[in-house]
Amino acid sequence: MKLCMIGTGYVGLVSGVCFSDFGNDVICVDKDENKINSLKKGKVPIYEPGLSELVVKNFRNKRLSFSNNLKESVKNSDIVFICVGTPTKKGGSSADLSQVYNVAKEISSSINRFKIIITKSTVPVTTGDEIEKIIARKNSKKKFSVVSNPEFLREGEAINDFTFPDRIVVGCNDKKSNRILTNLYSPLISKGAQYLNTSRRAAELIKYASNAFLATKITFINEIANLCEKTGINVEDISIGMGLDKRIGSRFLRAGPAYGGSCFPKDTKAIISTADKFKSNLSVIKSVIKSNENRSNILLKRVHQILNNKVKNKKISFLGVTFKANTDDMRDSSSLTMIPSLSKKGAIITYYDPTGFKKDFAKYKNVNYENSIKKIIEGSDLVIIHTEWNDFKSINFKNLAKKKKFIIYDMRNIYSSKKMKQDGFEYFSVGS
Ligand SMILES: NC(=O)c1ccc[n+]([C@@H]2O[C@H](COP(=O)([O-])OP(=O)(O)OC[C@H]3O[C@@H](n4cnc5c(N)ncnc54)[C@H](O)[C@@H]3O)[C@@H](O)[C@H]2O)c1
């Protein structure tokens, strides 16, 4: 099948590359010329484990191509995926759908034969209806079908998540499109993925409800961690004890910093905004957002306590600054709140991240990037483990503490509190 992915970001590029790997002809389109030019040279503009190898392999096989020309690419395709961004509207909380609707308008003038138009972008309930209206202004409804097929991949695990999904949700009422999509996804269905056909609106809501639920799980355990800190309990015991209950499950039940990234913060806000539009009150999700927004303040308060409220001129090093491990994505990372706050209080911050320097901190004169874990730890007063990269899981702290002692605040509970204390470290973790 000939596929066109519009928007070559995390979702469009990963799904496009995986579809081409299953034997489809895929053209990935983006309006960003630099992105397309580097992809044509085999350079992948985002960090995602395993992605570069698959891009190069399928580009060489000529099953994968890249283009800036949306109209021509749509004309040459049978299935068109909309994978552009749906960020929070500036100054508001609803999803900004301008990128989606602009793409729908462009598609509408390129319908030269029957096409399935699929929204993979996360979009609020009724967006599919709107896309259909836009395309129908220039085309007979017989020539196209608008389908919702939300994406559930996680950055850092994207290839695996796309290739071995728990479920594939396809929201469409028309039998022909459903048959074609069952066929497209057959390599995944045959490996055990559940294919769920729902109404278009239900598929749109499944995505938001799922993200809001996962955000709730994280926030829930973060609040339990606060209670553990006050009662001398280790939250890790609680996570294990709760997670063993199959009705609850252990995933997304690890206490740590505020959830961030390109999805949970914006999607929780957007689902509230949709519910408000339909005069429905999602009070649980509202309190999740509020609690998460306060999470960085709670962790910052602990940093101040750890340093006896003497943050000025203290050397604080951050291990990892992205919103989680195995990604270069800084969107809504809690480091974007914590580092500026500590820097304003006069701390001298150095950070290391396996994905390199981040321009987000360039404007702070007492915040510097250092290209070596060893260098940033040596000489620190406080080491903050902010993300859970494997690179941070077996650091020889004993060796590094030979020159000068430092305190460790492990925000991901990577190390054993007992062992670290036995080794003589002043070690703090979350929820204990
Ligand atoms: N990132 C994730 O982990 C993830 C997971 C599931 C779902 N989603 C959803 O998928 C959507 C895309 O997310 P993303 O993280 O891949 O975004 P992204 O910002 O990484 O990529 C979006 C791309 O679309 C391009 N674009 C915008 N307008 C365009 C146009 N008119 N023509 C061609 N290209 C255009 C941009 O240049 C950009 O490269 C969002 O709705 C997001 O919520 C993301």
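Visitor: Which element gives the largest share of the shell around the ligand?
Guide: That's H5, with 3 residues. Helices here are DSSP runs of H or I, at least four residues long, numbered from the N terminus. Keep in mind that this is a predicted model: local features need pLDDT of at least 70 and side-chain atom pairs count only at pLDDT 80 or more, while totals for chains, interfaces and linings use all residues. Residues are numbered from 1 along each chain as its sequence is written, and side-chain values use heavy atoms, with hydrogens and water left out.

Visitor: Which residues come nearest to the ligand?
Guide: Asp-30, Lys-35, Thr-86, Glu-155 and Lys-266, out of 27 around it. To count as near, a residue needs a heavy atom within 4 Å.

Visitor: How does the shell divide into nonpolar, polar and charged?
Guide: Into 9 nonpolar, 9 polar and 9 charged. Asp, Glu, Lys and Arg are the charged types; Ala, Val, Leu, Ile, Met, Phe, Trp, Tyr, Cys and Pro are nonpolar, and the others, Gly among them, are polar.

Visitor: What about Lys-35 and an oxygen atom of the ligand?
Guide: An N or O atom in the Lys-35 side chain is 2.5 Å from a ligand oxygen. For Thr-122, a backbone N or O atom lies 2.9 Å from an oxygen atom of the ligand.

Visitor: How much of the ligand does the protein bury?
Guide: 90% of the 830 Å² that the ligand exposes taken alone, by the Shrake-Rupley method with a 1.4 Å probe.

Visitor: Switching to helices: at what angle do H10 and H13 pack?
Guide: About 45 degrees, with axes 9 Å apart; the axes are lines fitted to C-alpha atoms over the stretch in contact, and angles run from 0 to 180 degrees between N-to-C directions.

Visitor: And H13 with H14, what angle there?
Guide: About 40 degrees, and the axes are 10 Å apart.

Notes:
A polar contact is a pair of N or O atoms within 3.5 Å; within protein, one must be able to donate a hydrogen and the other to accept it, and residues adjacent in sequence count only if both atoms are side-chain atoms. Helices (H or I, at least four residues) and strands (E, at least two) are DSSP runs, numbered from the N terminus.
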